[in-house]
Amino acid sequence: PTADVPLSPMPSSRAKALVKQFIPDPLLDARGRALHMFRDLMEVPRLVDEVRTYYPTAKRKSKARILLENMWWRWRHRQLNNHYFLYGLDRRGASLSDCLPHPDFARIRDRGNEDAYTGLLRDKFVFAQLARSLGHATPELLARIDGSTLEWLTPRRTRRPLDALLERDLDAVAKPVRGGQGRGVFRLRTDQGSLFVDGVSASVASLRDRLAERYVLQRRIEQHTALAALHPRSVNTLRLVTAQRNGAVELLSAALRVGAGGSSTDNWSRGGLAAYVDADSGATRTPGVFKHGPRTTVARHPDTGVSLDGYPIPHFPEALALARRCHADLPGLRTVGWDVAITPNGPTLLEGNSEYGGSIHQAVDDEFADRFLALFDEA
C-alpha cells in the first residue's frame, strides 16, 4: 500500500480465529486457566482481610496460615473458598478436610439420582400435584400463569386472561415453576378488585411485565405462632435433608431458616439466618449464622431478641415424619432437601430439592460433611 493509505485494523473475531488456527486448543485452555488462577490468587489477600471471623471467642490460626490455606484451596479445588470463615476454618484445630467444596459436594449428591425423579422436584407445579395426590400435606395450588394467560386450578381448571385475577380475593405466594433460593418469589394479594404485590399496590400491566417465566400461585399459609415470634414478616421454615439407605429413610441434617431485617423471605442467601436443629430434642442450638451482611453469628435474633439457644420447634417429629414419607415415595433419589413450614395444625411441605445446597448445613452442623460422605462411602 502507498504511504497515504492506512492499513485497516484486523477485526478481533478474525484475529481470534487466526490465533486458534495456529495455536492448539489445549495451550489456549491452559493459558486461560492460568490467567484465571492468577486473578483469583491476587484476590485471596483481599478476601482474607475483609472477612471477619464467625467465632470471635475461639483461638484463631495465624494470618499467614489463613492466607496460605486459602491459596492452597484455590490451587487444589480451582475456586476461591468464599465459605472459609463461614465454616469456621480459621479456628485453630480446624482442618480444610472438615468441609466439602461445592463442586465435590454436588457431584457426590447427584450420584445415583434418576433423572425421572429429579424432574419431579424441579417443577413446582408437578411436585405439588404429586405430593397432594399421595396424601402429603402441602399448600393448595390456586393457579398457573404463563405470560398473559391465567389458568385457575380450583374449583375446576379454566383458562382466562391475566386480569381475571381481580375477579377473586386472594392471598397467595407467586413462585417461578422452576428455580430456587427464593429467586422471583413474591406475595400476591387481591382485594375487591385491587392488586397488591409484596404489599404495594400494582396494576395488572406491571404484574404482566414481572412474569417473564411460568409461575404458580400457591395459597399463602399461616405459620405457627412460635415461629412467627422469631420474625413475624417471613414464613420461617425447616430445611430437612433426608437420605435413603438400605431401604429406609433417615435424617441427615436439620436446620431452621429465619428471616431478618423485616424481609418477607427466610432465604439464607438473601439475608436470613440459619440455626442448627437437634434431631432428638427438636430445638435449635446457637449460634444463629448469617451467610451475608455485616453480622456473622448471633445468640439471639437481632430483630426480635428471641434466644436461639434451645428454642423448641413445634411439631418437629411430625415434620420429620412427613419428609420421610414423601422421600419414601421417591426411591430414585438418594438425598433430598425438604422445605417444611409449620402451621397451627402441623407441618406442611413447601417443596423438595434434589439439587439442594450443602453450605447451610456445613455452616451450622460440624458433623454434616462426615455423615454425608459416610452415606456415599466416600473417602
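Colleague: What should I know about the model before I start?

Modeller: It's predicted, so local features need pLDDT of at least 70 and side-chain atom pairs count only at pLDDT 80 or more, while totals for chains, interfaces and linings use all residues. Residues are numbered from 1 along each chain as its sequence is written, and side-chain values use heavy atoms, with hydrogens and water left out.

Colleague: Why does Glu69 count as buried?

Modeller: Buried means under 20% relative accessible area (1.4 Å probe, protein chains only). Glu69 counts as buried because its relative accessibility is 10%. Glu69 sits in helix α3, residues 63-77; helices are DSSP runs of H or I, at least four residues, and strands are runs of E, at least two, numbered from the N terminus.

Colleague: Which residues touch the most other members of the largest nonpolar core?

Modeller: A nonpolar core is a set of buried Ala, Val, Leu, Ile, Met, Phe, Trp, Tyr and Cys residues joined through side-chain atoms within 4.5 Å. Here the largest has 34 residues, and Leu230, Leu238, Leu240, Leu256, Ile313, Trp338 and Val340 touch the most other members. Its largest share, six residues, comes from α9. Taking contact as heavy atoms within 4.5 Å, Leu256 touches residues including Leu227, Leu273 and Ile313, leaving aside those up to four places away in sequence.

Conventions
Buried < 20%, exposed > 50% of the residue type's maximum accessible area, 1.4 Å probe, protein only.
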